[in-house]
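Welcome! Take a look at the sequence and the structure below, and then let's walk through a few of its features together.

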Amino acid sequence: MFESLSDRLNNTFDRLRGKGKLTEADITSAMRDIRMALLEADVNFKVVKDFVAKTKERCMTADVMESLTPAQNVVKIVLDELTELLGTTESKLVFSNRIPNVIMLVGLQGSGKTTAAVKLAYLLKKQGRSPLLAACDVYRPAAADQLATLGGEIGVPVFRGDGAHPVQIAQDAVREAIDKLRDVVIVDTAGRLQIDEQMMQEAVDIKRAVKPDQVLMVVDAMTGQDIVNVVSTFAERTDFDGVIISKLDGDARGGGALSVRAVTGKPIKFVSMGEKPDSLEPFYPDRMAKRILGMGDVIGIIEKAQEAADAETVASAERMLREGFTMNDMLEQMKAVKKMGGMKGILGMLPGGQKLLNQMGGNLDESVFAKNEAMIMSMTAEERMRPSIINGQRRARIARGSGTTPADVNQLMKQWGEMNKMMSRMRTMAQQAGAGKKGKKGKKGKKMRMPGIPGMGNMGGMGGLGNLGGMGSGGGSEMDMLREMERQMRRK
């Protein structure tokens, strides 16, 4: 996502940082590089022209040119203008008092409307709502079947209205929602390979018939420059309220997505960065701008960690302080990393993380999770609870049972040893803190309350995540990045 753009912009900033004072020629050169970076990322030409003009005008002020850190000021201005380009503030879905609320999705065929409808239903269901999906695409073969299958996977019913006209299906779906006490209807409309009058008129007719509370256009991030013509036409005919950017993880450029807000004035409400139902995320312009500029999204990491946390995780953290770190705990932490989007997803949200991934060729071997899980599951219950008893003979047996090598098992044991040492240090600190409190109060025998573990108790059990870096690969740079993430979390 935006890898090429991020690399080009950061190279430009690096050149500016090497200068103690900026000249007008330096600013002009930097703006030229930024313009080329945006154009190569498929950002619309007019959008680029306006963006560079505004940015250059702000950078040419005396406050910037004569400041002690002019390069930092330029980066700050680019960040502000990029945030403005993306929409300034988060734009949430607006629900009315009407029951049911109706959300209508429009867009070209192949833009990802059907999967976006399911992901949106999944998100709303998590928020405590009761969505109903309406299959109004009667043209694409098996479109209704696809929606029904995906809806079944997340436990959301689908209204099909077999044989009926799309407008009738949408109307009947609203009545069905009223009868079945469903408070949201998500209407999945038909698309075409390109814009045509029949598709547009059908979308207009459905909108007129069900009067949706929100009309969202689904846009494929890989559409490129043509995205401007598409969204402009839909904005004129359907007057949609916001945009869902799909497949944002599938394009290294992604510049078309940067053009949507500027061209239509419509806010980006959600972005989809994966295939799973939980991959639809609210769009935060400021966070996205920071990620594009290589500043990371630590707040996003913390939110993902908090979402992955539960009461059992916190209890597990306190038990680890009392009893030490087991292989079962390591297995749970690996599962938590997967919930947060995997190592690649986490690194991409760290300051400088995307640059590191690009240097690695975008490759991060996450198969090591499956390998480590296989080794842990090949251990006996006693070995998982007391890894210290695993001797050479046991390691050979575990390797045979998991289809790995003794060297792989040795690497896993080394990682466990590092984690266990860290837990021992934390346990000592907690006990000292508890003893100090007891001494002040002059009471004995009072049960010590385990304090929150930095980066763990409140972060979804991710303490010591740095020690999972480079598992099975010995990659020092990956471990360093993950340790930096842990330090970031602690500062929060």
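Predicted model: local features only at pLDDT ≥ 70, side-chain atom pairs only at ≥ 80, totals over all residues.

**The pocket**
- The volume of the second largest pocket is about 470 Å³.
- Helices α6 (113–126) and α7 (143–154) each supply at least two residues of its lining.
- Which helix gives the most to this lining? That is α6, with six residues.

- In soluble globular proteins, nonpolar side chains tend to be buried together.
- Here, the largest nonpolar core has 71 residues, and Val187, Phe234 and Ile245 have the most contacts inside it.
- Helix α5 (residues 70–86) provides the largest share of this core, nine residues.
- Another core, of 23 residues, lies apart from it and includes Leu105, Leu120, Ile244 and Phe270.
- Beyond its neighbours within four places in sequence, Phe234 is in contact with several residues, among them Val106, Leu108, Ile195, Met217 and Phe240.

**Helix α20**
- Within α20 (residues 392–402), Ile398, Ala399 and Ser402 are buried.
- Looking down the axis of α20, you would find its buried residues within an arc of 100°, so they line one face of the helix.
- Gln393, Arg400 and Gly401 are exposed on the other side of α20.
- Where α20 starts, a side-chain oxygen of Asn391 comes to within 3.3 Å of the backbone nitrogen of Gln393.
- Just after α20, Gly403 has a positive phi of about 70°.

Key. Residues numbered from 1 in each chain as written. Heavy atoms only, no water. Core = buried A, V, L, I, M, F, W, Y, C linked by side-chain atoms within 4.5 Å. Buried < 20%, exposed > 50% of the residue type's maximum accessible area, 1.4 Å probe, protein only. Helix = DSSP H or I, 4+ residues; strand = E, 2+ residues; numbered from the N terminus. Contact = heavy atoms within 4.5 Å. Arc of directions from axis to C-beta. Polar contact = N/O pair within 3.5 Å; in protein donor to acceptor, adjacent residues only side chain to side chain. 1 Å grid on protein atoms, 1.4 Å probe; cavity = no way out; pocket = protein on both sides within 12 Å on 5 of 7 lines; lining within 4 Å. Points joined across faces, edges and corners; volume = space filled by probe spheres on them.
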